[in-house]
Amino acid sequence: MSVLMWSKLYSRVTATDPTLVEQLKLWQNTADTTALAIIQGQHFVAANSSALNYFESQEQNFLHATPFDFSPRIQSSGKSSVEYGQQMLKKAIKGEPISFSWLHMSQQGKELPTVLSLYPAQLDDEPVLLVSFQPMDRRKRNRVSIGNGFETLPKELMSITLEDSAEAVYITDENFRILAVNKAMCRICGYSADNLLGKTPADIKLELNNSRSPSTYRRSWQGEVWKARSDGSTFPAWQSCRRIYADEQVFYVNLFSDISEKKALEAKLTQQAMYDKLTGLPNRFNLIKILNGAIANIKHSPELMGALMFLDLNGFKNINDSFGHATGDKVLQLVAARLETCCIENAEIARLGGDEFTLVLPRCQNKQEIEAFSELVLSLFEAPFEINGQKFYLGTSIGISLFPQQSDEPNQLLSMADTAMYSAKNSPSHIRFYNAKIRQAAEKKLHMLNDLRHAQSLRQFSLVYQSVVELDSNQTVGVEALLRWQRSNGEMLKAHDFLPLLEETDSMISVGQWALEQACMQMVEWHKSCNPQLKISVNISGSQLEHPDFIHMVQDTLERTGLAAEALIIEITESALIRRPALISKVLSQLKTMGINIAIDDFGSGLSSLSKLASLPIDTLKIDRGFVQQFDSQQGKSLCQAMIQLAQTLKIDFIVEGIENQHQRDTLLSMGKGKGQGFYFGKPTSAQRFATEVLSHANYCEAKLESIY
């Protein structure tokens, strides 16, 4: 982002705190003198030139990184950078400006003790944090210039000071013959003074592989050199040499110190800055460096192509939720080891964080070669990962972008591969190359996500209702409430088209609660004016069931609307049963104790929870519409019959979904007494039309039904 673009973005930052408003104006005029950045969520979305210089970073490496990417794993206080940093971010985003000491690291691995200040603000009405970085380096403070006092001290005192200095000191004449050494010189190099005096550094092979020209030693200089001890061992040193003219003679005063520990620390910091601590693989910063190198190299071979593969582990979240993060970390280490064992000769492997890995294939002949390699990677996940006798089965989805054909910019390649990976999750092969279709789908999804964030405040959600009938009498005995979203462009979407996006925007809880309350209120009205025996079915997502306040929210809704618990049916999917089985079982038991009915929706579509049905408080199985659609074959009928017999064996009700004609209804009726739902009995419709077209025709409602509306 250019400075001009930063200014445009910064100008859209607003605040409610008067003090911060004034500070924003001040920074507007002096932004280049203060290191500033903007955080949205947990990622940097903008930074001024001072911040980029402070972190010795390029813009493409800084943007979309997190503050923890520029921090050591553990702070000086002993606290985890990620955990403590997240606490501070959450505290600030709630509206409380805070400042605290923080140890950052530049991208080059340099430690940056910093006073970090977080200011809650808004960017185009979205919450953000404005961050300022103030160096804590006291050496940069201005000091009053005074004399150093050396000129007033006796020469004997200076001699003793030089003799006892911690730095090695040796003084030579114009011909580099050693005239004097101090104790540190003897201690560091392992020589006695007798061994050194009168000799040149070359005589004792003090310096190794010295590329400095002889003329260098005829003047003052400083730099890093390699030294040798008396036992032949070597070490890096920082040496300064000063040419002094005294008593009509030339002397060279040499000072050096062993910087082995400093070099080791630098290597350690580089390791921390460039490699993932958990797996030892290159991290995101290192990946960008690897990609830049691969892109530069392949530009010299236009007949070849490179590939960036983005991997995401399917099912990893379930392991973390069920077995804890310690087990999840061990699984990630096993995944990394398996990738390295099988792929390291052909690809550069990196871990971006979480369960996301990347592979860079630097030189490939064609897409077929890349696809074959992708299939090899998929095969690595066919065998389970075993930890302490427990086997974990994981899959992966792979998105692929090509360079330089699709881009020669690393972050753009990452974005493309990431987008393709999400598309691969819905692909039978679980492998997708980035293309225009995927880009268009991603753009459409992005627009939908943006619209969805405002849909509830714009009252774009509504409920439609569909009958649940007795198969033998066609009598309506229940109603299912179905969520709909009418977008600003007039498009009406069914729930399955946007529910996953609701989860992504963290809106599922609030929208689900709204839908439950609306459905209960409507059923109370129909109880008063129509059949008081009707029941209302409401679909509940897995995230709602897992919410700690879900039971309380249901109780509160029933109390406020006045609907009896026995009139409410909670519908859940099979997938909700397997994410956190112990928790879900407990929640279902609490709902059952309240008198609420529980139905398994789309049963048979996954068959994953079959073994758990007997132990769960289930009242109804809703058999998936796919079985009715297979009635043309004997196998389809047999499968549906098996589902019905299962329900009868468990002594629970069944509802068959997707009934569209008389033949399907009659066939199901011959299989057993139950309920049905589908277009044959009526399409989902608004509350008013449902009352007038379904309930009133069934003689359920009073004569003045229409007056309610």
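Here is a quick rundown of cysteines, cavities and aromatic contacts in this structure. The model is predicted, so local features need pLDDT of at least 70 and side-chain atom pairs count only at pLDDT 80 or more, while totals for chains, interfaces and linings use all residues. Residues are numbered from 1 along each chain as its sequence is written, and side-chain values use heavy atoms, with hydrogens and water left out.

**Cysteines**
- The disulfide count is zero, with a disulfide taken as a pair of cysteine sulfur atoms within 2.5 Å.
- Cys189 has its closest cysteine sulfur in Cys186, and at 8.4 Å that is too far for a bond.

**Cavities**
- Searching the whole structure turns up two cavities of 30 Å³ or more; a cavity is a set of points, on a 1 Å grid over the protein atoms alone, where a 1.4 Å probe fits but cannot get out, and lining residues have an atom within 4 Å of a point.
- The largest cavity has a volume of about 90 Å³, where volume is the space filled by probe spheres set on the points, and points are joined across faces, edges and corners.
- Its lining has 14 residues, with Pro67, Gly85, Leu89, Phe100 and Leu116 nearest the centre.
- Helix 5 (81-93), strand 4 (98-105), strand 5 (111-123) and strand 6 (126-135) each give two or more residues to that lining (helices are DSSP runs of H or I with at least four residues, strands are runs of E with at least two, numbered from the N terminus).
- The second largest cavity holds about 30 Å³ and is lined by Asp69, Phe70, Met105, Ser106, Gln107, Ala273 and Phe285.

**Aromatic contacts**
- There are 21 aromatic pairs, meaning Phe, Tyr or Trp rings (for Trp, the six-membered one) with centres within 6.5 Å; planes under 30 degrees apart are stacked, over 60 edge-to-face and the rest tilted.
- Phe100 and Trp102 are edge-to-face, because their planes sit at 80°, with centres 6.0 Å apart; both residues are buried.
- Tyr170 and Phe256 are edge-to-face as well, at 6.3 Å and 65°.
- Tyr170 is in strand 7 (residues 168-172) and Phe256 in strand 12 (residues 249-258), so this pair ties together parts 86 residues apart in sequence.
- Ring pairs also join Phe44, Tyr54, Phe55, Phe70, Phe133 and Phe285 into a cluster.

How values were computed
On a 1 Å grid over the protein atoms alone, a cavity is a set of points where a 1.4 Å probe fits but cannot get out, and a pocket is an open set with protein on both sides within 12 Å along at least five of seven lines; lining residues have an atom within 4 Å of a point. Buried means under 20% relative accessible area, exposed over 50%, partly exposed in between (1.4 Å probe, protein chains only).
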